[in-house]
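Hi everyone, thanks for coming.

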Amino acid sequence: MDVREFCLPIPPLVRWRAECSARRDALLDGLSADAPEGARSIRLFVKPYAPFALEAGKPALSAFYLASQSLYESVRASCERPAFRLPLKPILAGYGIGARGRNSLISLAGMGTYFAVEAAWSAEEAPPRPWTEEPPLAEECQGCDRCLRACPAGALDGEGHVDTSRCLRALAAKNAPPMPEAAMAMTGASLWGCDLCQLACPRNAGIVPIPMPEEVRRAISLSRLLAGDTRDLAPLIGTNYARKARMRIRACLVAACLQKKEHLDAVRALEGDPLVGPYARWAARQLEEDVQEGAGNRWKQ
């Protein structure tokens, strides 16, 4: 499906501004609703994607990161004034383009929650469009709590907000301080985030997963990531996500959770690294215990 484009008035975002003032939220850091001089509207770009099918015992990577990076590069190359700091989820919901979910994710007709979105400022006048400061939760969410039950960390409040001190994706985005060991054990096969609330969401029922492309599978080889080789991964998901230390951390956790004992020596070699060390030491303990005790499939997918 092609990228969909919307030309929208600059929204007031009164509720969003109030929420930012009322609570600290790592997911809001760096975002701003303030329009630059000369901007009269925003151009919104929405790109749907199909999730990658999970494969038992293999590292997983959400297709979102590839779709997001592709759209980011396209907007950066084609638009004079990208708006990469705009809070896009409340804009999608406020203009009725998408609907809020209990898991904080927006769903769009025909896409579910599987899409990437970017924006750019424009000097053109946008056609009038109804705006709602406090859009309700999606109709499908009324009486449904599947995402809440699916979240292993209990990070969802059921009203569309995420506790970033518990969310696995938010914790993974920080290199330091190290995430709690209980969260490390919840990593499973995922090299970024967890996606469990999306997998459980009925709004995604009609979205068919696709096989992971071989080039992606090669790029997320645990052997390569533990060695610090992100040359093939960085163009796919962006250099920020594919930082060497970040991916070594994620590879250590996935190796432990999938009980990939063949990587124990590579994990041990990272124990002295200032950033990776706490994760490597935890992962090594899990792998050593499995080697010594023959532990079962505690976290294996």
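This is a predicted model: local features need pLDDT of at least 70, side-chain atom pairs count only at pLDDT 80 or more; totals for chains, interfaces and linings use all residues.

Residues are numbered from 1 along each chain as its sequence is written, and side-chain values use heavy atoms, with hydrogens and water left out.

Okay, holes. On a 1 Å grid over the protein atoms alone, a cavity is a set of points where a 1.4 Å probe fits but cannot get out; a pocket is an open set with protein on both sides within 12 Å along at least five of seven lines; and lining residues have an atom within 4 Å of a point. Points are joined across faces, edges and corners, and a volume is the space filled by probe spheres set on them.

How many cavities of 30 Å³ or more are there? The count comes to two. The second largest cavity holds about 30 Å³, and around it sit Leu168, Met179, Ala183, Thr187, Gly193 and Arg250. By class, that lining is three nonpolar, two polar and one charged. The largest cavity has a volume of about 60 Å³.

Next, the packing. A nonpolar core is a set of buried Ala, Val, Leu, Ile, Met, Phe, Trp, Tyr and Cys residues joined through side-chain atoms within 4.5 Å. Buried means under 20% relative accessible area, exposed over 50%, and partly exposed in between (1.4 Å probe, protein chains only). The largest core here has 58 residues, and Leu61, Leu233 and Ile237 have the most contacts inside it. Helix α11, residues 244-257, gives the most to this core, with nine residues. (Helices are DSSP runs of H or I, at least four residues, and strands are runs of E, at least two, numbered from the N terminus.) Apart from that core lies another, of 24 residues, with Leu88 and Ile91 among them.

Last, two residues up close. Is Ser122 buried or exposed? Ser122, in strand β5, is buried, because its relative accessible area is 9%. Its side chain reaches the backbone nitrogen of Glu124 at 3.1 Å.

Glu133 is in the loop between β5 (115-122) and α4 (146-150), and at 25% relative accessibility it counts as partly exposed. Its side chain makes a polar contact with the side chain of Trp131, at 2.9 Å. A polar contact is a pair of N or O atoms within 3.5 Å; within protein, one must be able to donate a hydrogen and the other to accept it, and residues adjacent in sequence count only if both atoms are side-chain atoms. A polar atom of the Glu133 side chain also lies 3.3 Å from the backbone nitrogen of Leu13.

Technical notes:
Ala, Val, Leu, Ile, Met, Phe, Trp, Tyr, Cys and Pro count as nonpolar, Asp, Glu, Lys and Arg as charged, and the others, Gly among them, as polar.
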